[in-house]
Amino acid sequence: VAVRDLAPGVQLVDFGQNASFMPRIRVRGPEGSVVRLTGCEVVNDDGTIDRGTMGGAHRGSAWWQYTKGTEDEEAWFPQFYYLGSRYLYVELQPATEGGPRPELADVEMVIVHSAAEPVGEFAASDPTFGRIRELIRWAQRSNLMSILTDCPHREKLGWLEQVHLNGPALRYEWDVNRLMAKTARDMADAQQPDGLIPNIAPEYTVFKGTFRTAAEWGASFILVPWQQYLFSGDTEPLRENYEGMKRYFAWLETRAAGGPLQDGLGDWYDQIPGKPGRAYLTPPALTATAHLYLDATTLARAAEVLGKPEEAADYRRRADEIRSGFNRAFFRPESAEIYGSGSHTSLAVPLAMGLVEESQRGRVFSALVSDIERRGYATAGAVGYGYLLRALTEGGAAEWVYRLATDPEFPGYAYQLKLGNTALAESWSAQRGASQNHFFLGQIMEWFYADLAGLAPDPESTGFKRMIVKPHPIPELTWVEASHRSLFGRHAVRWERDGGVFRLEVTVPPNTTAQVYLPANDVGQVNEGSDSAVRRPGVRYLRSEEGRAIFEIGSGVYRFEVKE
């Protein structure tokens, strides 16, 4: 979008988009002259590059370089090295000192990512949500390679926490079934003889301490095969890795030794002014032990699917023991913090995972919302943010998700858009010392589809064979629509509010069904087309609960209307 001359033989090329790419160039000039291209995500006011977001200095240690072989105009495209960047710092060097410099006749950003086809569409009446979606999609796309990289420049390592925490967010947007099956094999290959799953897979670099043993990271080995089954119906990752999953869980149990699991990195990149870059606000043992519980419940469900009812019962028993131990260790009813440190993640994770006793849920939820109201922003980081969205929505405060996401005055999605970011950054504040192309804070993508639009696979079914349509309309929006292409076809939802009338259109592909939750206290309020929904063929009224009328529908297109 722009080329800026900085000095004789030095130019800054701005592509206008931070993305994973390789440059294609055409060069004029003498034989032996050199073009060096150094990528960067951000630049200083004078146009010089700042590679601090990429783990490097001013010039860094990696670049593309081409030497002309003839006097003619030549074209060149690199074969191996890609980079996540927005800018190119171009240095045009003569063949001999004082000689003529080469000229960059043309330069093109060629986007690079794995062959994962888009399968989702989402839009809402507030265009900010569309811009947030694009911010996240560019970060997702930039890190969809032969592994799910954490960033497309400084490391390109397969850190595992992002794979399960963002698994649904990725699956709604892209067909990543083959990539996720391959990731499960990578984790199996990286598993150690004692059962440990290291924090990265493939394990190109062997880290020390909890940077190798964190339970929130290794949980992907159990959760990713389950997500594959839930979204696609594919049981192979479960069957291939079930014994390894059991060994990993057994290793975690030995580390916990009947108490809280200490092997955790906590809520990475949580929000604390002036101290981003680690996990500060939530005890790592809380997030580690909570994921141990989630591992146990997931193994129980996997055992049921694989026809192992006795093992399923055993994992349910172990999950109950972990739940009891978690509450003994972290629930403090006499304290204002209630759970752990009282951070948003300390409260949201137990709520979202079902660790809180029913009699205490109201109190814990009130404490969470009260602190968000007091601050005006969320403190949850990469590990806790998705659970925060779940806790707020299930507790009836989905409007807070909207406020947090769209407020440009506090670090978050809209704040990054205000700064001019074109891909999601590693930190909420998009600080210069961190990556500007990271997808691990992008869990709101799952919320867009599953909660706001209300399009989700039934956890008691598989592969969208049965869909749950449970939208959460919020006052700030007049319409929302989403679609997802599963193995059965295109599932779609659109809702709108107009003059006290709520309308919902649902598309159900062949050989599938859907349960539809409509905001109605009285089933008589609900019409399908021009007739009462309870009398329409293909629509079966099931029950009413918590202010919603629930219907079951088969394949087809249905248009419901509720007078609010």
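Trainee: What makes S13 and strand S14 (residues 466–469) paired strands?

Mentor: 2 bridges join them, and they run antiparallel. Two strands pair if DSSP finds at least two bridges between them, so the count of 2 meets the criterion. Within this pairing, Ala456 stands opposite Ile468 in S14. The model is predicted: local features need pLDDT of at least 70, side-chain atom pairs count only at pLDDT 80 or more, and totals for chains, interfaces and linings use all residues. Residues are numbered from 1 along each chain as its sequence is written, and side-chain values use heavy atoms, with hydrogens and water left out.

Trainee: Which strands make up the open sheet, and in what order?

Mentor: The sheet has 5 strands in the order S13-S14-S18-S22-S21, with mixed pairing. Strand S13 (456–457) and strand S21 (539–545) are at the edges: each has a single partner strand, so one side of each lacks a neighbour in the sheet. Strands are DSSP runs of E with at least two residues, and helices are runs of H or I with at least four, numbered from the N terminus.

Trainee: Why is helix H14 (residues 398–406) called largely enclosed?

Mentor: 7 of its 9 residues are buried, so the rest of the structure largely encloses H14. Buried means under 20% relative accessible area, exposed over 50%, and partly exposed in between, with a 1.4 Å probe and protein chains only. Among the buried residues of H14 are Trp400, Tyr402 and Leu404. Their cover includes helix H1 (127–142), helix H12 (361–375) and helix H16 (444–453).

Trainee: What makes the largest set of 146 residues a nonpolar core?

Mentor: A nonpolar core is a set of buried Ala, Val, Leu, Ile, Met, Phe, Trp, Tyr and Cys residues joined through side-chain atoms within 4.5 Å. Phe129, Leu392 and Leu452 are among the members with the most contacts inside this core. Its largest share, 11 residues, comes from helix H9 (residues 284–305). A second, separate core of 27 residues includes Val27, Cys40, Tyr89 and Val90.

Trainee: Which residues does Leu452 touch?

Mentor: Leaving out residues up to four places away in sequence, Leu452 touches Phe122, Phe129, Trp447, Pro471, His472, Ile474, Leu477, Val480 and Trp495. Contact means heavy atoms within 4.5 Å.

Trainee: How many disulfides does a search of the whole structure find?

Mentor: The search finds 0. For Cys40, the nearest cysteine sulfur is that of Cys151, 15 Å away.

Trainee: How do you know whether Cys40 is buried or exposed?

Mentor: Its relative accessible area is 0%, so Cys40 is called buried. Cys151 also has a value of 0% and is buried.

Trainee: What sets Phe464 and Asn511 apart in backbone terms?

Mentor: Most residues other than glycine have a negative phi, and most peptide bonds are trans. Phi of Phe464 is near 65 degrees, a positive value, and phi of Asn511 is also near 65 degrees. Phe464 sits in the loop between S13 and S14, and is buried at 0% relative accessible area. Asn511 lies in the loop between strand S17 (501–508) and strand S18 (513–519), and is exposed at 59%.

Trainee: Which residues does a cis peptide bond join?

Mentor: The bond joins Ala201 and Pro202, with omega about -5 degrees. Pro202 is in the loop between helix H4 (177–190) and helix H5 (210–213).

Key:
Disulfide = S-S within 2.5 Å.
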